[in-house]
Amino acid sequence: MKKENIYILGIESSCDDTSAAILCNDQILSNIVADQKIHTEYGGVVPELASRAHQQNIVPVVHQAIAKAGIQKDDLDAIAFTRGPGLMGSLLVGTSFAKSLAYGLNIPLIDINHMQAHILAHFIDEKDHKKPLFPFLAMTISGGHTQIVKVNDYFDMKVIGETIDDAVGEAFDKSGKVLGLGYPAGPEIDKRAQLGNPKAYKFTKPKVEGLNFSFSGLKTAILYFVQRETKANPNFIEEHLNDICASIQYTIIGILMDKLKLAVKETGINHIAIGGGVSANSGIRKALKDAESKHGWTTYIPKFEYTTDNAAMIAIVGYLKYLKKDFSDFDVMATARLKI
Ligand code: KG4
Ligand code: ZN
């Protein structure tokens, strides 16, 4: 007899969040995330510290996810884990844990591509969230990646544009560092941007061919701008922080929206989904909503809890692969540079 409910444990440990989630079919029962505060004092993720923190967190986080879901570990049908891309030391913790538990429980192991998961998080069954229709364009914007992906089907995706240097999240974080904000600076810039004038200062947008992005020039332009202004007025940052943040955010969103418009023009696809940490940004969310009425796009914006790294997105891809019986061998290895 066919089992009605499939229980998947998802494990995410690619960067600095240790997360475990339980899905029953495409519905979330639990999604526990332990973030690592330790990196704040270093102004960025320190790989060795991240890996150690994952070691400490993984067992309690998985226990909590199982307990909150109200199931027993023997109820699990498969274990899905992030194989890559990410930091090797971090990935190894989740990979080894997932392998051992799947082996011990004698259930299938499913390896997941983190970037696919940011996109397929849209297929988690949620009240008030519509699932994208194929084909659609997905823009994944995070601390490690900036891509535009043409999604023909769940596992038929093609990257049609990506950054040639820094990721968009780095543009937020590194600009924030110049302004003396803590790490990660994205959320703080977002908060202050809402109180400032986006047109107070103008930063030049990079000129990059086609659908690719570049953010390293912008970071340098902001650094020189701040150095110049503080020379003239040592209190420049404190006095104008909201306006500076609003202007930086306005420029970054302008860059993202220009490329999306070009992608829509080139592909003829106007269904757009976003994913990744930067998709939490209020400015990009508003710009996409505005594009619905202005350009007739259909947009898919994830719930906040599925924007930054989380295991629910890993578990949903695990469920979709489980349905296809697309299981991994136990010699599968963590892969730092895994492509979509
Ligand atoms: O997806 P994520 O959690 O981790 C990676 O895979 O990189 O993304 C983290 C990134 C950081 O750069 C952070 O500053 C940015 O997402 N971020 C934001 C916001 N919330 C998180 N950037 C702009 N506005 C936000 N509200
Ligand atoms: Zn991510």
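Begin by selecting the zinc ion (ligand 2), which is coordinated by H114 (NE2), H118 (NE2) and D309 (OD) at 2.1 to 2.2 Å. Donors here are N, O and S atoms within 2.8 Å of the metal (3.2 Å for Na, K and Ca), and water is not among the atoms, so sites may look incomplete. The model is predicted, with local features requiring pLDDT of at least 70 and side-chain atom pairs counting only at pLDDT 80 or more, while totals for chains, interfaces and linings use all residues. Residues are numbered from 1 along each chain as its sequence is written, chains are lettered from A and ligands numbered from 1 in the order in which they are written, and side-chain values use heavy atoms, leaving out hydrogens and water.

Along the sequence, the donor residues follow the spacing H-x3-H-x190-D. Next, select H118 in helix α3 (residues 114-120) and D309 in the loop between β10 (298-300) and α9 (312-323); this pair, 191 residues apart, links distant parts of the chain. Helices (H or I, at least four residues) and strands (E, at least two) are DSSP runs, numbered from the N terminus. Both H118 and D309 are buried, meaning under 20% relative accessible area (1.4 Å probe, protein chains only).

Then move to strand β6 (residues 136-141), which runs antiparallel to strand β7 (residues 146-153) and is joined to it by six bridges. Strands pair if DSSP finds at least two bridges between them. Select F136 to find its bridge partner in β7, V151. A hairpin through four residues joins β6 to β7.

Finally, select strand β8 (residues 156-162), antiparallel to β7 and joined to it by six bridges. Here V149 stands opposite V159 in β8, and two residues lie between β7 and β8 in their hairpin.

How values were computed. Buried means under 20% relative accessible area, exposed over 50%, partly exposed in between (1.4 Å probe, protein chains only).
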